[in-house]
Amino acid sequence: INVQPGAGTLQAALYAASPGDELVLADGTYTGSDTSQVGSNMLYINKDITIRALNAGQAILTGQNARRVIYIDIGNVVLDGLHITGGQSTIGGGVFIHGGTTTMR
């Protein structure tokens, strides 16, 4: 599933994805959409999923220094080639892994 940068586009794509899908992120900056479902996280993950940058280091996920960037609740998750920045340190910073198995490369 190809995803374009913007506010909330990545979370929307994740909600629409089936377990085991791969999200391929185009170059650009991905921010949160401030929805109540996501809460204090830019991205909330609760399924088996692979999220990878089309070009390593060029898909930027940011918490805008206002929220945690990624919260992984459950699932087998692969994060590949992402630039993760701007996570608020008082609530878990860049990536918080609650459960499941996560591979980062």
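## About the model

The model is predicted, with local features needing pLDDT of at least 70 and side-chain atom pairs counting only at pLDDT 80 or more, while totals for chains, interfaces and linings use all residues. Residue numbers start from 1 along each chain as its sequence is written, and side-chain values use heavy atoms, leaving out hydrogens and water.

## Strands β5 and β7

Let's begin with the pairing. Strand β5 covers residues 41-45 and strand β7 covers residues 59-72; helices (H or I, at least four residues) and strands (E, at least two) are DSSP runs, numbered from the N terminus. The two strands run parallel and are joined by four bridges, where pairing requires that DSSP finds at least two bridges between two strands.

Strand β5 is mostly covered, with five of its five residues buried. Here buried means under 20% relative accessible area, exposed means over 50%, and partly exposed lies in between (1.4 Å probe, protein chains only).

## Thr 62 and its neighbours

Thr 62 belongs to strand β7 and counts as buried because its relative accessibility is 12%. Leaving aside residues up to four places away in sequence, Thr 62 touches Thr 29, Tyr 30, Thr 31, Gly 32, Met 42, Val 69, Thr 85 and Gly 86; a contact means heavy atoms within 4.5 Å.

The side chain of Thr 62 also reaches the backbone nitrogen of Gln 64 at 2.9 Å. A polar contact is a pair of N or O atoms within 3.5 Å; within protein, one must be able to donate a hydrogen and the other to accept it, and residues adjacent in sequence count only if both atoms are side-chain atoms.

## Two positive phi values

Most residues other than glycine have a negative phi. Gln 64, though not a glycine, has a positive phi of about 55 degrees, and Asn 65 has a positive phi near 55 degrees.

How accessible is Gln 64? Gln 64 is partly exposed because its relative accessibility is 43%, whereas Asn 65, at 60%, counts as exposed.

## Thr 29 in strand β4

Thr 29 lies in strand β4, residues 28-31, and its 38% relative accessibility makes it partly exposed. Not counting residues up to four places away in sequence, Thr 29 touches Pro 5, Gly 6, Ile 60 and Thr 62. From Thr 9, Thr 29 is 20 residues away in sequence and 10 Å away in space, C-alpha to C-alpha.
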